[in-house]
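This report takes up an annotated stretch of the chain, then a metal site, and finally a pocket.

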Amino acid sequence: MSRYSQLCPVYFGPGEVNNTGAIAKELGMTHVLLVTEKAIAETGIPERVMDSLLQSGIKVSIYDGVKMDAPDTTVMEGAQLAESIGADAVIGCGGGSSLDTAKGIALYVTNKKNVTIKKMIHFDPANPLILAPALKTIMIPTTSGTGSESTFVAVITDTETHQKCGCIVWANAAIVDPDLTLGLGKTITAYTGMDAFSHCNECLCNVMPNPHSDTLALSSMERIYKWLPVAVDDPNCKEARYNLAIASNFAGIAFQDSQVNVGHAMAHALGARLHIPHGIGCALVTPSVIELVAAARPEIYGKVAEIFELEISSVEELPTKLADAVRSFNRRIGIPSMKDLGFTREQVLSTVTYALGEMMRMGCIVPQDEAVLTDMMAKVYDNYQ
Ligand SMILES: [Fe+2]
C-alpha cells in the first residue's frame, strides 16, 4: 500500500516572490507576521515580500529573531509578537530554520493557552495531541535544501535538552523562486544541497517507499549531481539555481511521504551533540547509509549508480563504490570532514547513543543496532578525512 500526499500548492518560478501579496490575499490574510533571520533581512528579500503584501493592502510586521536550528524560545517569542499585534497569518522567509520557526509560531500562537511549547514540539505519534488549527502560512525558501515548505513537520530544538523535536504543521502555500538563491555563498549552497540529497537517499531506503516519492527523489538526485557543483563554482548561474530549487522542493515532497530515517537520526545526533550545521551532518552520514542499505538491497541503488556514472560489474562492489563516489562528490563541493572541523574520532562516536534513541531511524528498510550504528558513525570519521 502506498500513500501519496499533495500538501499545498507550490508557486514556482523566477520572480514568483513578487506575487506574494496576491497569493496571501487569495488565502484571506489581512495582517501577516513575516518571520525571517537577520542575515536574510540584509539581502533585501523580505523587503520584496513586504512590498508585495503592502501593494495588496495586507498589513505586515516583521520578526527577525530566527536562530540556527529553530530553538523553541524563538517560537515562543514570535508567537507572543504575533498575538500582541493580532496577526492572522505567518509567512516564513529564509532557510530551514526560518521556515520551521514560522510554522512553529503559526501553530503555537493558536494553542499556547492550552499547551506548553514542550508538549507541542515533542510529537508522540502513539498519543497525538488534539491541537487547534494553525494560523494560515506561506513558506518562501531562500536556500535549496530544506524542503520544509512542502512537508508537514517543523523541526524545533528543545533548548532544555538540546533535542531536535518536531510538531505537525504545514503551509497553505509555498513560493519557490529560484532567483532568491542567486549569489548564495558556496558553503551554504553545498551544505543545503547535500541536505536535499540526503532527503532523496532516505526516501529510497525507507521501509514504506512509493512510486511517487521514488520518482521525485531520483529526479532530484540527478539534478543535484549535475547542478550542485556548477552552483558552488558559479553562485549566479541561473540554470543551476533553477534546477536546485526544483530538486529541493521535489525532495521535500518526496520525504513528506516516505520520511527520512537513519541518516537524519545520525545527522541530528551530530548536530545536537557537536553543533555542526545540519547539511554537513547529512552530507557526511549519507555514504554510511548507502553502504549499509546497498549491501542488503542493491536493487534500490541501480539507478543512483547510473546517476553517478559508475560502472558496476557486480552487486558486491556496489556499496563501497557508490559510497566512495558520494564521498568524492562531497570533497568536490567542499564539504569539510569531522577532522577538518576539529573533532576527534571519540567525539564522533560519542554521538551514537543519541542516534540510537532517535526513533526515526526505524524507518530505514535495513534495521540497525548499536554495533551497526557505531560502525556507520566510525565510517563518517575514518573514510572521509
Ligand atoms: Fe534534512
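Predicted model: local features only at pLDDT ≥ 70, side-chain atom pairs only at ≥ 80, totals over all residues.

The UniProt record, an unreviewed entry, places at residues 10-178 the feature "domain: Alcohol dehydrogenase iron-type/glycerol dehydrogenase GldA".

Which residues coordinate the iron ion? The donors are Asp195, His199, His264 and His278, at 2.1 to 2.2 Å, and the donor atoms are set out below.

| Donor residue | Donor atom |
|---|---|
| Asp195 | OD |
| His199 | NE2 |
| His264 | NE2 |
| His278 | NE2 |

In sequence, these donor residues of the iron ion follow the spacing D-x3-H-x64-H-x13-H. Because His199 belongs to helix 7 (residues 186-204) and His278 to helix 11 (residues 278-296), the pair ties together parts that are 79 residues apart in sequence. The site of the iron ion is irregular, with angles among its 4 donor atoms that run from 80 to 166°. His199 has a relative accessible area of 2% and is therefore buried, the cut-off being under 20%.

The second largest pocket has a volume of about 420 Å³, and its lining is made up of 21 residues, of which Leu107, Leu129, Leu131, Ala132 and Ile168 lie nearest the centre of the pocket. Helix 6 (117-121), strand 5 (136-141) and strand 7 (163-168) are the elements that give two or more residues to this lining. By residue class, the lining of the second largest pocket divides into 14 nonpolar, 4 polar and 3 charged residues.

Conventions:
Residues numbered from 1 in each chain as written. Heavy atoms only, no water. 1 Å grid on protein atoms, 1.4 Å probe; cavity = no way out; pocket = protein on both sides within 12 Å on 5 of 7 lines; lining within 4 Å. Points joined across faces, edges and corners; volume = space filled by probe spheres on them. Helix = DSSP H or I, 4+ residues; strand = E, 2+ residues; numbered from the N terminus. Nonpolar A, V, L, I, M, F, W, Y, C, P; charged D, E, K, R; others polar. Donors = N, O, S within 2.8 Å, 3.2 Å for Na, K, Ca; no water. Tetrahedral: all angles 85-135°; square planar, octahedral: opposite > 155°, others 65-115°. Buried < 20%, exposed > 50% of the residue type's maximum accessible area, 1.4 Å probe, protein only. UniProt positions renumbered as here; feature names shortened; annotations may be inferred.
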